[in-house]
Amino acid sequence: MKTPGKSLTEPKQGNPGDAEKNLQRTWKQDSASLIAGGIAHDLNTILTLIYGYSELALEGLDPSSENYANIRKIIQSADRAKAVTGQLLSLGMEADQVRMTVQVKDVLRETLEFLRPLVTDSIIFREEILTPEVSVSADPVQLYRVFINLARNAIQAMEERGGTLTVTLDTRKGAEMSNLKAGTQAADKYARILFADTGPGMDENTAARMFEPFFTSGKQNMGTGLGLSVVYGIITSIDGQVSVITEKGRGTAIELLIPSL
Amino acid sequence: MPGVMIVEDDLPLRELLREALEKRKYTVVTASDGREAMLKFRPSVIDIVITDLLMPEEDGLSVIMNVRKVKPETKIIAISGGGKAGPGSYLTIGKTLGADQVFSKPFLPSELVQKVREILG
């Protein structure tokens, strides 16, 4: 599959004088996770109230009535908000990961099966599982969250004009890796997962900031801006690497490299 | 009827949980933080304490420890909506300190009431 344009990797390292910038960036991300955690705490309390009063309101209602259906929709909206607070709490949260051996293709397929009914016919999913038996040491829930976020970003990019999301799974030998971050020791083998869309692509400035917490490209329906910072946090916490290949007008591919077992 | 203490700094949530439990005929005492909880805690009245963990003044972890000192057989349910460490981490600490059950917000009050019923038998 042809991937577009130039390659950008986050974060850049290695130049003298960048130490202060990296420190500021670390502080910014620590502050972001502190703020995010506080917001999530308050939101979870409010959500409990929404669930609770909705539940009380359902009591005594005829399940076939319109009011019953409307209150069920309130509860469904609260479910969506709960998922967002889950993402907020994921920022910087390494302590709660329960790592185990995970078959990557199983989580990929589950992701696509979950999302397939939610997209229009104008968006096509393609699987390229080139190496089926690839496993990594990861928390399956967190890995699922990563794949959902990447797939959703690709889908959102293609919502206006349709397109194809291609998900590729294969492997790379550590010795073949030319784009490892400076100072990183290569693992023997990596699982390589690629999410590539045929959407509008990004300019260099947007691509350079896409993993920042709360950064969005400015379109109203592009979400809270947390998804990709969550992806970055989870993948780097399991010694993986995230790269972006994008070109305006040609689409975006996000490559994950995770040490495989 | 068994006595329940609710320790929760959010007033609307405190009142919602009070309503849910009083509807099921429990005797309910409420407190807005750990300090107030220990001032109001009566071993002869309270059989179970439901406490939020992250609260201003004195937090839920100190409630758990203090209740265990005063009346060790009191049942305790810890609840948390998270913070920087996430609800899972606080709830793990709560369990380690002696909570009988932990709940992550958001939850349905009916689930909490069901758990109270199960724990008290």
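Predicted model: local features only at pLDDT ≥ 70, side-chain atom pairs only at ≥ 80, totals over all residues.

**Confidence first, then the helix pair**

Analyst: Over residues 1-19 of chain A, pLDDT stays under 50, and the model has 34 contacts beyond four places in sequence for that stretch. Within chain A, confidence is lowest in strand β1 (residues 6-9), where the mean is 41. It is highest in strand β6 (residues 189-197) of chain A, at 94.

The setting of the helix pair comes next. Chain A holds 6 helices and 8 strands. Along the sequence these follow the order β-α-α-β-α-β-β-α-β-β-α-α-β-β. Chain A has 261 residues, and 33% of them count as buried. Among contacts in chain A with a separation of 6 or more, 78% join residues 24 or more positions apart.

The part to look at is the pair formed by helix α3 (residues 104-115) and helix α4 (residues 140-158) of chain A. Their axes come within 9 Å and cross at roughly 50°. Angles under 35 degrees count as roughly parallel and those from 65 to 115 as roughly perpendicular; α3(A) and α4(A) are therefore oblique to each other. The crossing of the two is right-handed.

Which residues make the contact between α3(A) and α4(A)? On the side of α3(A) they are Val107(A), Leu108(A), Glu110(A), Thr111(A) and Leu115(A). On the side of α4(A) they are Pro140(A), Leu143(A), Tyr144(A), Phe147(A), Ile148(A), Ala151(A) and Ile155(A). Sorted by kind, the residues of this contact comprise 10 nonpolar, 1 polar and 1 charged.

Is Glu160(A) buried or exposed? Glu160(A) has 11 C-beta neighbours inside 10 Å, and a residue with 12 or fewer is exposed, so Glu160(A) counts as exposed. Glu160(A) and Ile123(A) are 37 residues apart along the chain, and their C-alpha atoms are separated by 9.9 Å.

A pair in chain B can be set beside this one. Helix α1 (residues 11-23) and helix α5 (residues 109-120) of chain B pack at an angle of about 50°, and their axes are 10 Å apart. That makes α1(B) oblique to α5(B). Here too the crossing is right-handed. From α1(B), the residues Leu16(B), Leu17(B), Ala20(B) and Leu21(B) meet Pro109(B), Leu112(B) and Val113(B) of α5(B). The residues of this contact are 7 nonpolar, with no polar and no charged ones.

One residue elsewhere in chain B, Gly34(B), lies in helix α2 (residues 34-40) of that chain. Gly34(B) is buried, because 26 other C-beta atoms lie within 10 Å. Gly34(B) and Val63(B) are 29 residues apart in sequence, while their C-alpha atoms are 5.3 Å apart in space.

How values were computed: Residues numbered from 1 in each chain as written. Chains lettered and ligands numbered in written order. Axes fitted to C-alpha atoms, helices over the stretch in contact; angles between N-to-C directions. Helix = DSSP H or I, 4+ residues; strand = E, 2+ residues; numbered from the N terminus. Parallel < 35°, antiparallel > 145°, perpendicular 65-115°, else oblique. Left-handed = near helix turned anticlockwise from the far one by under 90°. Contact = placed C-beta atoms within 7 Å. Nonpolar A, V, L, I, M, F, W, Y, C, P; charged D, E, K, R; others polar. Buried ≥ 20, exposed ≤ 12 C-beta atoms within 10 Å, placed from the backbone. pLDDT = per-residue confidence, 0-100.
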